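Reader: Hi! I have a structure open and would like to talk it through with you. Could you help me find my way around?

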Amino acid sequence: MELLVASAIGVLTACGLYLTLRLRTFPVILGISLLTYAVNVFLFSSGRLTIGAPPILRDNIDSYADPLPQALVLTAIVISFGMTAVVVMIALGAFLGSDDDRINDPLDEESTGSGETQ
Amino acid sequence: MIHWIVAPVILPALLAPFIVLAARYHIGIQRVFSVAGVLALIGIALGLALQASDGTITLYQLGDWAAPFGIVLVADRLSTLMVLLTAVLSLFVLLYAIGSEWDNRGRHFHALFQFQIMGIMGAFLTGDLFNLFVFFEVLLIASYGLMIHAGGNARLRAGVQYVLFNLIGSTLFLFALGAIYAEAGTLNMADLAQRVTLIGAEATAGIRIAAVLLLLVFAIKAAVLPLHFWLPSSYAEAPAPVAALFAIMTKVGAYAIIRVYTMVFGPDLAVTEGLHTTWLLPAALASLAIGMLGILAARHLDRLVAFAVIGSMGMVMVAISLFTPTSIIAALYYMVHSTLAAAALFLITDLVRAGRADLRLTAQPVIAGAVPTSALFFAAAIAMAGLPPLSGFLGKLLVLDAAFESTSAAWIWGTVLISSLIAVVGFSRAGSTLFWKAKATEGAEDAEPATPPAMLSYVAVGGLIALIAAHTVFAGPATRYMTAISDQLFDPEPYIATVLETPGKLSEPTEGY
């Protein structure tokens, strides 16, 4: 199971990294979503992978599932969900405004700093 | 009295929704509440700083749950100083935003501003790494809104870059936190400080990776080369008061580095040995050089100021990366100076915009209100370039003095001195183009005379310059206080003891389980 989880995190991270290195907003946003999935699974597994163990430490129990990473993951999911929504809105606004969804600085030197693009 | 420590977080957190819900369409009411809130914050921050000034470490257990299980807020000398700096800075920024009508060019400026302050204050006060992440996100999500305040295509495009870069940074932060939790089983900084020392020498791979990842995250926030690419565009395109407020955001990264790498991964810890000298110091020197070169190379005034921010952050990071008590004193002194100077420069950039078509460094007809604006620019440029008599010079002297004992002293002295020269040339070129050559340029005959900026704008910028002057005049008491901060940082035992040994709700096992 460790191998499966670890390779899933690895594949997600690799795909996410590749996509975030693209120059258009859509693949980059997809890449960041993949990265956040990867980090969520990673956080989840940082409390060790246990099966069928109670999440609370009680008497007469040797192994228990660590509940803290699950709380952390919940927070991380909520935050990344909200952030992704924000970045989609801003990227849409930028795309509709300048009819261009590249995320690098515009090459035209005139356009930077003057408040208008092309 | 103990509850005051949570007030810098709670007050803006309550004020912001109130402004959105109750005063949505009344800019006057929004302004009154926003300024009143910031004034109250300054009062609270002063109280907290006074409380911490004798070395008391105040602990606040949220919900009375004891650390390391509960979330704690901790106020020591360093965090209260940063809280005070934030509160004072935000007052002047807010006054400028009101004076220049920036707050009325889009909606929800004041609410987002309060949320931004809440995030920054929380990041300075928290004693828990995951809580630090949450407050980073609070300040970031507010900054996304502020960054694209008043809209415009160029601003939105810069906003996309800024948001995407910071999202990657947040993901990296989560990876670092996961790695730390997997290795140490805690995210409370004080608890972590104890557990990291217990990790055996043969099993340090995970914690080493975690320490480097965490350093990368904070370096992104502090805009250290080569992780500075988000800064020039976003700071240049952000509305001027927002960019001025962002001057404290790079310092959040520097603060986090100081906090984590003095307490958790201390300078003497074998696990992270060499991290600062081998990696951070060259990166800091490079960002100092690139920042100052950028001042000379910039073709727009707003980009010039953004590069000045990178350069001054480089200076702060050079001092931090030496990680000796004297260098931390220098870093703290320079950090306060650099926050004020960068904020003043961003506001002056906006003053220059009055009556100019754009901010290109070309000779254009005289701007409205040229006399006070050029005087303020002169003072702020002197401060930022580090010329005497203002505090930039003293800060630089402190950094050079702290570097004297270091093995890489030649590199540090060389870079600091040469880059200062470049900065002086860059600022004087910009200033003479903007203000002197303008005299020789004829404007169009039928051009309407532009209205000069409002008095309140000048008051706000003048106030920041006055603070820089005060920081210079009272450099003696200031450095004495920084020495006290540094002493406290390099002796983390009382901090750790306060956090871990204060009993909470469930510290004593109760019957009935």
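Reader: Let's start with B:Glu101. Where is it found?

Author: B:Glu101 sits in the loop between α3 (77-99) and α4 (109-125) of chain B. Keep in mind that this is a predicted model.

Reader: Thanks. What about the phi of B:Glu101?

Author: Phi there is near 65°, a positive value in a residue other than glycine.

Reader: Which loop holds B:Phe323, and what is its phi?

Author: B:Phe323 belongs to the loop between α13 and α14 of chain B. Its phi is positive, about 50°, although B:Phe323 is not a glycine. This residue is buried, because it has 22 C-beta neighbours inside 10 Å.

Reader: You mentioned α9 of chain B. How many of its residues are buried?

Author: Eight of the eight, so α9(B) is largely enclosed by the rest of the structure. Among the buried residues are B:Trp230, B:Tyr235 and B:Glu237.

Reader: What covers them?

Author: The cover includes α5, α6, α10 (240-246) and α13 of chain B.

Reader: Let's switch to the two chains. How many residues are in contact between chain A and chain B?

Author: On the chain B side there are 32 residues, in contact with 34 residues of chain A. The elements of chain B that each give two or more residues to that side are α5 (129-147), α6 (153-184), α9 (230-237) and α13 (301-322).

Reader: Which one gives the largest share?

Author: That is α6(B), with 17 residues. By class, the chain B side divides into 18 nonpolar, eight polar and six charged residues.

Reader: And what does chain A look like by itself?

Author: Chain A has three helices and zero strands. Of its 118 residues, 29% are buried. Looking at its contacts between residues at least 6 apart in sequence, 47% join residues at least 24 apart.

Reader: What percentage of chain B is buried?

Author: 60% of the 513 residues count as buried. For contacts in chain B between residues at least 6 apart in sequence, 80% join residues at least 24 apart.

Reader: Tell me about the largest nonpolar core. Which residues touch the most other members?

Author: The core has 237 residues, and the ones touching the most other members are B:Ala319, B:Ala343, B:Ala344, B:Leu347, B:Ala380 and B:Val461. Helix α14 (residues 325-353) of chain B gives the most to this core, 20 residues.

Reader: What does B:Leu347 touch?

Author: Leaving out residues up to four places away in sequence, B:Leu347 touches B:Tyr96, B:Ala240, B:Ala244, B:Ala460 and B:Val461.

Reader: Last topic: how do α1 and α2 of chain B cross?

Author: The axes of α1 (residues 7-22) and α2 (residues 27-53) come within 10 Å and cross at roughly 175°. The two helices are therefore roughly antiparallel to each other. In their contact, α1(B) contributes residues including B:Leu11 and B:Phe18, and α2(B) residues including B:Phe33 and B:Ile44. The contact has 12 nonpolar, three polar and no charged residues.

Key:
Residues are numbered from 1 along each chain as its sequence is written. Chains are lettered from A and ligands numbered from 1 in the order in which they are written. This is a predicted model: local features need pLDDT of at least 70, side-chain atom pairs count only at pLDDT 80 or more; totals for chains, interfaces and linings use all residues. Two residues are in contact if their C-beta atoms, placed from the backbone, lie within 7 Å. Helices (H or I, at least four residues) and strands (E, at least two) are DSSP runs, numbered from the N terminus. Ala, Val, Leu, Ile, Met, Phe, Trp, Tyr, Cys and Pro count as nonpolar, Asp, Glu, Lys and Arg as charged, and the others, Gly among them, as polar. Axes are lines fitted to C-alpha atoms, for helices over the stretch in contact, and angles run from 0 to 180 degrees between N-to-C directions. Angles under 35 degrees count as roughly parallel, over 145 as roughly antiparallel, 65 to 115 as roughly perpendicular and the rest as oblique. A nonpolar core is a set of buried Ala, Val, Leu, Ile, Met, Phe, Trp, Tyr and Cys residues joined through C-beta atoms within 7 Å. A residue is buried if 20 or more other C-beta atoms lie within 10 Å of its own, exposed if 12 or fewer, and partly exposed in between; C-beta atoms are placed from the backbone.
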